[in-house]
Amino acid sequence: MLLHTQPGVTMWTKAKVLRGAFCAAQSVHAVKHRLGSCSVGSGPGKTWVRPSGFDTGLKTFNSLTKQKEPLILAREGVATWYSCGPTVYDHAHLGHACSYVRFDILQRILSRLFGITVIHAMVITDIDDKIIKRSWEDNVSPTTIASVYEEEFKRDMLSLKVTPPAVYLRVTDNVHHIVSFIEGIVKNGYAYATKEGDVYFDIQSIGHRYGKFVGAVGCQVEPGNSNKRDGRDFALWKPSKPQEPSWDSPWGRGRPGWHIECSTVARFGFAICLLHLVCSMFGSQLDIHSGGIDLAFPHHENEVAQSEAYHLCGQWANYFLHSGHLHLKGSAEKMSKSLKNFVTIKDFLQSYSANEFRMFCLLTKYRSGVDYSDGSMLEARTSLRTISTFIHDATVYMKGQLHCSPVREAVLWERLAEIKSSVVKALADDFDTPRAISAVMNLVYHGNCQLQPVSKCEGVTRSPAVFGAMVSYITDVLDVFGIDLLHSKEAAEVRSGGSLEAVVEQLTHFRSEVRAFALVPQEGPTKRGLYPERIPLLKACDTLRNDLAPLGVLIKDRGATSTWELTQRKGSQRVQDEDQETSS
């Protein structure tokens with residue numbers, strides 16, 4: 001068992017500050033109450049029982065009922081959450097990253113905005129047919145393969161700023177517990193052993209309860225498994241082949257079962273392994289279970305069947321949340337290793353940042369499919385750039401370095417209050433991040449409309465407080481989503497430059513004085529325009545501004561004054577080229 005601290009859960013002071021920032025809309029979830037009795041939901045063909053517990057005020061789409069349901073937790077202010085971890089036999093790719101980042105965003109919303117402590121467990125599947133096959137190909141042990149790719153997966157998640165779960169659980173560390181778990185299912189009459197040493201789950205023993213998710217009908221008998229009572233029965237334990245890892249059990253040496261039960265399903269994983277480890281953490285009831293939509297059936301179907309058979313309970317997991325597939329644009333197939341159509345996380349981060357990928361995920365609903373392309377990443381990059389530019393301009397205005405026409409302050413305060421309410425309502429409605437981001441961008445738009453530079457500002461009333469509130473709110477919202485523009489990799493590179501900012505400040509100040517000198521109009525009744533001999537100075541100032549832009553120094557002329565900012569140099573020329581292509 002590998003324990004990890006959770007900054008998003010333990011930073012109580014930060015959480016209080018964030019909740020204070022959103023106090024205008026706290027009525028959505030401030031009053032929590034205990035429900036007196038369970039009621040029956042309306043899932044298609046199956047019965048979902050509304051949990052007893054504490055109503056969070058949020059609604060989430062539950063795959064068990066195919067509709068939005070009130071999110072009710074067993075314990076006030078605490079959500080138990082299990083997510084399917086990786087099978088560590090190869091590099092993680094963007095399809096994996098999309099699912100893990102999306103659910104990381106949801107967990108951050110629960111903990112940092114709504115004050116719910118998320119206890120998250122994830123299983124690392126480190127023994128599997130694919131791992132064994134890869135070990136034979138590379139002529140190393142399965143343990144070596146699993147260890148290498150497990151560590152790489154964790155590094156990839158950290159590079160994407162995914163909060164580690166409270167605990168990682170490896171299958172191989174818990175096989176003896178898994179054996180006991182299988183024995184419990186057999187004892188309860190829901191599984192059977194064969195003389196060959198296999199143990200199968202008995203689908204017929206649970207009758208109509210099998211098939212909570214789409215795809216339960218139409219499975220074919222698996223070839224070569226005539227010792228099964230029903231073609232749908234899946235392996236809980238199977239004897240190991242020669243040179244495969246194996247463990248002792250009442251049925252002989254073997255390992256946890258890996259089942260392929262439906263001809264239309266290519267892979268489903270280690271339901272029995274995952275199931276026992278989750279139950280060892282959370283017992284007979286789990287609040288939230290998440291994973292990719294492709295895992296709903298048969299993987300999650302079989303987890304539910306086994307857990308309810310072991311605990312003799314009617315409802316083990318109360319909510320199933322499934323994320324949509326990531327597709328390469330123009331392809332109907334999901335990104336996957338088997339189709340050889342994937343982009344590794346490491347390769348992706350050579351061209352884009354973790355912040356940009358998070359924005360990419362935020363721009364679509366977590367349960368929707370999403371197309372990945374340079375165009376969609378450019379949209380995410382542009383959205384972040386728009387926000388960053390506003391924050392920079394507002395900060396310059398607050399410092400008194402940007403002179404603007406009078407600001408309609410009351411309008412901005414009203415707009416800020418409306419946006420706060422809109423964001424909370426959007427996120428309380430099945431974590432609707434596209435609607436929340438749209439609201440934030442609307443706030444940026446209204447802020448930019450008020451930042452109209454003027455060359456002279458004598459007697460103009462300034463309104464720095466409202467822009468300070470807007471900037472603080474926007475950075476807090478982005479922090480909830482895991483985007484930190486202040487402490488980003490790009491900002492760290494800028495800070496590492498030491499006196500770079502001071503040099504740029506002096507250079508911009510000198511350039512502004514030269515421009516002011518060149519912009520002085522000629523005096524006299526017959527003379528108009530600028531002094532001809534000073535026009536080359538203006539051209540030289542423009543050339544300097546244009547030459548510095550590709551180097552990461554963006555100078556903006558605002559009337560008689562100029563402002564500057566340091567931008568991300570990496571990939572800047574590519575973005576400029578893409579912008580030109582888009583505009584053309």
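Me: A charge sits over a ring if NZ of Lys or CZ of Arg is within 6 Å of the ring centre and within 35 degrees of the ring normal. Which residue lies over the face of Phe 61 here?

Reply: This is a predicted model, and the values below are computed from it. The residue over the face of Phe 61 is Arg 367, at 4.1 Å from the ring centre. Another case is Lys 154, which lies over the face of Tyr 168 at 4.6 Å from the ring centre.

Me: How many aromatic pairs does the structure hold?

Reply: A pair of aromatic rings is described by the distance of the centres and the angle of the planes. The structure holds 18 such pairs. Take Phe 201 and Phe 234: the ring centres are 5.2 Å apart and the planes are at 10 degrees, so this pair is stacked.

Me: Where in the chain do Phe 201 and Phe 234 lie?

Reply: Phe 201 belongs to strand S8 (residues 199-201), while Phe 234 is in the loop between S8 and strand S9 (235-239). The pair therefore ties together parts that are 33 residues apart in sequence.

Me: Is Phe 201 buried or exposed, and is Phe 234 buried or exposed?

Reply: The cut-off for buried is under 20% relative accessible area. Phe 201 has a relative accessible area of 0%, so Phe 201 is buried. Phe 234 is at 1% relative accessibility and also counts as buried.

Me: Which residues form an aromatic cluster?

Reply: One cluster is made up of Phe 348, Tyr 352, Phe 357, Phe 360 and Tyr 372.

Me: Turning to strands, how many of the residues of strand S11 are buried?

Reply: Strand S11 covers residues 286-292, and seven of its seven residues are buried, so S11 is largely enclosed by the rest of the structure. For the whole chain of 584 residues, 52% count as buried.

Me: Which strand do three bridges join to S11, and which strand pairs with S11 over six bridges?

Reply: Strand S4 (residues 78-87) runs parallel to S11 and is joined to it by three bridges. Within that pairing, Trp 81 has Ile 288 of S11 as its bridge partner. Strand S12 (residues 317-323) pairs with S11 over six bridges, in the parallel sense. There, Ser 290 has Leu 321 of S12 as its bridge partner.

Me: What span does helix H11 reach?

Reply: The expected span of a helix is 1.5 Å times one less than its number of residues. Helix H11 (residues 374-398) has 25 residues and reaches 36 Å from first C-alpha to last, close to the expected 36 Å. After H11 comes Gly 400, with a positive phi near 85 degrees.

Me: Which residues of helix H12 are buried?

Reply: An α-helix has 3.6 residues a turn, so residues three or four places apart point the same way. In H12, the buried residues include Leu 412, Leu 416, Ile 419, Val 423 and Leu 427. Helix H12 (residues 409-428) has 20 residues and spans 29 Å, close to the 28 Å expected. Asp 430 follows H12, with a positive phi near 60 degrees.

Me: What is Thr 344 in contact with, leaving aside its neighbours within four places in sequence?

Reply: Beyond those neighbours, Thr 344 is in contact with His 91, Ala 92 and His 93. Its place is in the loop between strand S13 (326-328) and helix H9 (345-348). Thr 344 is at 13% relative accessibility, so Thr 344 counts as buried. For the chain as a whole, residues 24 or more positions apart account for 73% of the contacts with a separation of 6 or more.

How values were computed: Residues are numbered from 1 along each chain as its sequence is written. This is a predicted model: local features need pLDDT of at least 70, side-chain atom pairs count only at pLDDT 80 or more; totals for chains, interfaces and linings use all residues. Side-chain values use heavy atoms; hydrogens and water are left out. Buried means under 20% relative accessible area, exposed over 50%, partly exposed in between (1.4 Å probe, protein chains only). Contact means heavy atoms within 4.5 Å. Helices (H or I, at least four residues) and strands (E, at least two) are DSSP runs, numbered from the N terminus. Rings of Phe, Tyr and Trp (its six-membered ring) pair if their centres lie within 6.5 Å; planes under 30 degrees apart count as stacked, over 60 as edge-to-face and the rest as tilted. Two strands pair if DSSP finds at least two bridges between them.
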